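Here is a colleague's note for your first look at this model. Keep the structure open and go through the points in order.

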Amino acid sequence: MAGYASAWAPNLGIVLSTDSIRRGPAELAQSMLTLADLTGGRTIVQIGAGEIKQTKPFGWNRAHGINRLEDFYRIFDRLMTTDGPITFEGHHTTLTDAWIGTAKANRPQLWGLGGGPRIIDLATSYGDGFCTMCPFVWSSPAKFAEEREAMRTQLARKGRDPDAFRFGVWATMLLHEDPDVVDRALDNKLTRWLTAVAGRINQSDWDAEGIEPPMPRDWHYAMKMLPLSMSTTEVEEWAGRATREMAEKSYFYGSPAEAVAQFRPFIDAGVDFVGILDMASFVLQPDELPAALGRSIAVSSHLKGLVADDENAPKRVGADV
């Protein structure tokens, strides 16, 4: 799909997220290089250690994720910096005189995705950046700034340039101009269920905000959540654990300008990339969805400074959106 999109809109960059489990390192690297050629190098691939809901049902072992991620980082580094065949012995991957050719004119960026000390260590050792969710993981600008500074310290200690490393977030939002629609979205059962299982990816993070976690403190959705194996009763019960206060703390919500105003302190703290995840799209009626996409585009325009955050202020004209 990314290749199809880049053919129709060749001036766009591509940002994808995936995992280290379901495709072999060489095959994934080749696909990344192809996308980088299609976009003139404007390709970022964010890779994490996988989620059990996308691995276990299809026969993959989620427990292998972090070691496979290390294998991929090391193999990708070797493939990008070596002209000839490589031989490699890793945790799960063995390569012998493996060569993907010399078509490496456009190197894609490789970012870490997720969280945890080992994933961060691998990203600061081999990656071009790091990305996670906000406010699901980085719940405040201060929390982000703290994590950003810690990673920059790691980079400097490893002899890498901290200023060349980028930081991104996938921002969860509930976007609508009508306050009544936003109010219903915050109270929607699906929104509450998502808040319970992922409003704070690390459930113990709720403690720092004086809130009792809705799930066990050692429960992590990436390693525990198998939604198609859950009963309706279980889903209902989990959704009921999330309060309105927790939902409000888990999303940037309101009109595009209002959501941007809530999010802008993260930009000021050093966020370089923003992926917009408008969760309202999952609770609106189908005929409302085309307009929902427009709100995400509006958020992007606000963040790029193409329109004023005050929706009553005059818009800039002549800008290339």
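1. Start with ring pairs. Rings of Phe, Tyr and Trp (its six-membered ring) pair if their centres lie within 6.5 Å; planes under 30 degrees apart count as stacked, over 60 as edge-to-face and the rest as tilted. The structure contains 14 aromatic pairs. In one of them, Tyr73 and Tyr126 have ring centres 6.0 Å apart and planes at 25 degrees, so this pair is stacked. Tyr73 sits in helix α4 (residues 65-81) and Tyr126 in helix α5 (residues 117-126), so the pair ties together parts 53 residues apart in sequence. Helices (H or I, at least four residues) and strands (E, at least two) are DSSP runs, numbered from the N terminus.

2. A word on what you are viewing. This is a predicted model, in which local features need pLDDT of at least 70, side-chain atom pairs count only at pLDDT 80 or more, and totals for chains, interfaces and linings use all residues. Residues are numbered from 1 along each chain as its sequence is written, and side-chain values use heavy atoms, with hydrogens and water left out.

3. Now burial. Buried means under 20% relative accessible area, exposed over 50%, partly exposed in between (1.4 Å probe, protein chains only). Tyr73 is buried, at 1%. The rings of Phe130 and Trp138 have centres 6.0 Å apart and planes at 55 degrees, so they form a tilted pair. Phe130 and Trp138 are both buried. Ring pairs join Phe130, Trp138, Phe144, Phe165 and Phe167 into a cluster.

4. Look at the core. A nonpolar core is a set of buried Ala, Val, Leu, Ile, Met, Phe, Trp, Tyr and Cys residues joined through side-chain atoms within 4.5 Å. The largest one has 74 residues, and Met32, Ile47, Phe130 and Phe252 have the most contacts inside it. In soluble globular proteins, nonpolar side chains tend to be buried together. Contact means heavy atoms within 4.5 Å. The search of the whole structure finds 0. Cys131 is in none; the nearest cysteine sulfur, that of Cys134, is 9.8 Å away. For Cys134, the closest cysteine sulfur is in Cys131, too far for a bond. Cys131 is buried, at 0% relative accessibility. Cys134 is also buried, at 0%.

5. Check two backbone details. The peptide bond from Cys134 to Pro135 is cis, with omega near 5 degrees. Pro135 lies in the loop between β6 (129-134) and α6 (141-157). Asp97 is not a glycine, yet has a positive phi of about 50 degrees. Asp97 belongs to strand β4 (residues 94-98). Asp97 is exposed, with a relative accessible area of 59%.

6. Next, Thr191. Thr191 is in helix α8 (residues 189-198). At 4% relative accessibility, Thr191 is buried. Leaving aside neighbours within four places in sequence, Thr191 contacts Leu174, Ala185, Leu186, Tyr251 and Val283.

7. Last, the record. The UniProt annotation "domain: Luciferase-like" (unreviewed entry) covers residues 1-272. UniProt positions are given in the numbering used here, feature names are shortened, and annotations may be inferred rather than shown by experiment. The end C-alpha atoms of residues 1-272 lie 25 Å apart, and the span is 43% helix and 17% strand.

Terms used. A disulfide is a pair of cysteine sulfur atoms within 2.5 Å.
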